[in-house]
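Welcome! Take a moment to look over the chain below, and then we will walk through it together.

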Amino acid sequence: MSNADEMKKAAAEAALEYVEDGMIVGVGTGSTANHFIDLLAGMKNRIEGAVASSEASAQRLRGHGIQVMDLNSTGTLPLYVDGADEATEHLHLTKGGGGALTREKIVAAASETFVCIADESKRVDVLGAFPLPVEVIPMARSYVAREILKLGGQPELRQGFTTDNGNIILDVHNLRISNPVEMETTLNQIAGMVTVGIFARRPADVLLLAGPDGVRTLR
Ligand SMILES: O=C(CO)[C@H](O)[C@H](O)COP(=O)(O)O
């Protein structure tokens with residue numbers, strides 16, 4: 001494997017091992033998750049359906065003839081498969097590069113097993129080099145930005161972007177996240193904050209990390 005896209009596809013392929021007959025599968029968002037959706041299409045007659053973490057993924061799933069289900073009618077999902085912007089060996093993640101972090105966090109929380117799929121460029125020792133996305137209620141934009149500045153981060157409005165929930169995204173630069181659980185908890189307390197793109201309180205259960213020599217499984 002030479003390029004990042006081939007590695008993303010290899011990680012997605014490895015995640016198919018976790019799909020069992022009759023499952024309702026939670027499906028994430030982004031280019032790696034898109035590979036997973038396309039591969040899942042080959043098993044569509046064996047699964048009951050899927051819950052999508054974004055309108056974009058729901059559309060792609062439907063395009064393959066996979067039934068998209070409402071999380072309110074499925075109960076706990078056995079499996080959630082999604083990509084990440086950054087991942088540590090502790091399986092702490094940052095997510096939300098595609099702006100779908102809120103629904104991703106909901107589906108991850110409602111799933112028994114969260115399998116994260118990524119190419120090795122996503123592997124980091126400390127989270128925070130990739131600007132951390134946070135979803136914010138529009139009227140709280142300035143207030144939340146000031147609170148983030150106090151924590152040492154540099155918030156930047158994602159221009160021209162509205163989430164599936166009608167909110168804005170601030171991408172936070174220069175935040176060194178040495179204690180992901182603590183930072184996630186602190187940011188979560190800010191009024192007007194909808195979702196923080198740190199997935200540490202509910203980390204991945206399995207990380208499938210694809211490199212030039214194959215896919216490594218971290219648990
Ligand atoms: O969190 C996400 C979307 O909100 C994605 O999982 C993350 O941005 C990784 O994307 P890609 O697979 O395209 O590299």
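The chain holds seven helices and 13 strands. Here helices (H or I, at least four residues) and strands (E, at least two) are DSSP runs, numbered from the N terminus. What you see is a predicted model, in which local features need pLDDT of at least 70, side-chain atom pairs count only at pLDDT 80 or more, and totals for chains, interfaces and linings use all residues. Residues are numbered from 1 along each chain as its sequence is written.

**Overall shape**

Along the principal axes, the C-alpha atoms of the chain fill a box of roughly 50 × 40 × 30 Å. The chain has a radius of gyration of 17 Å, which agrees with the value near 17 Å for a compact globule, because the chain has 219 residues. That radius is taken over C-alpha atoms, and the globule rule is 2.2 Å times the number of residues to the power 0.38. Of the 219 residues, 47% count as buried. A residue is called buried if 20 or more other C-beta atoms lie within 10 Å of its own, exposed if 12 or fewer, and partly exposed in between, with C-beta atoms placed from the backbone. Among contacts in the chain with a separation of 6 or more, 73% come from residues 24 or more positions apart. Two residues are in contact if their C-beta atoms, placed from the backbone, lie within 7 Å.

**Two domains**

The domain assignment gives domain 1 (4-123 + 201-218) and domain 2 (132-197); such bounds come from an automatic or database domain assignment. Their C-alpha centres lie 24 Å apart. The contact between them takes 14 residues from domain 1 and 14 residues from domain 2. Which helix gives the most to the side of domain 1 that touches domain 2? It is α5, with four residues. The residues of this side divide into two nonpolar, seven polar and five charged. In this grouping, Ala, Val, Leu, Ile, Met, Phe, Trp, Tyr, Cys and Pro count as nonpolar, Asp, Glu, Lys and Arg as charged, and the others, Gly among them, as polar.

An unreviewed UniProt entry annotates E104 as "active site"; UniProt positions are given in the numbering used here, feature names are shortened, and annotations may be inferred rather than shown by experiment. Is E104 buried or exposed? E104 counts as buried because it has 31 C-beta neighbours inside 10 Å. Leaving aside its neighbours within four places in sequence, E104 is in contact with G28, T29, S53, D82 and K95.

Most residues other than glycine have a negative phi. L91, although not a glycine, has a positive value, and N174 has a positive value too.
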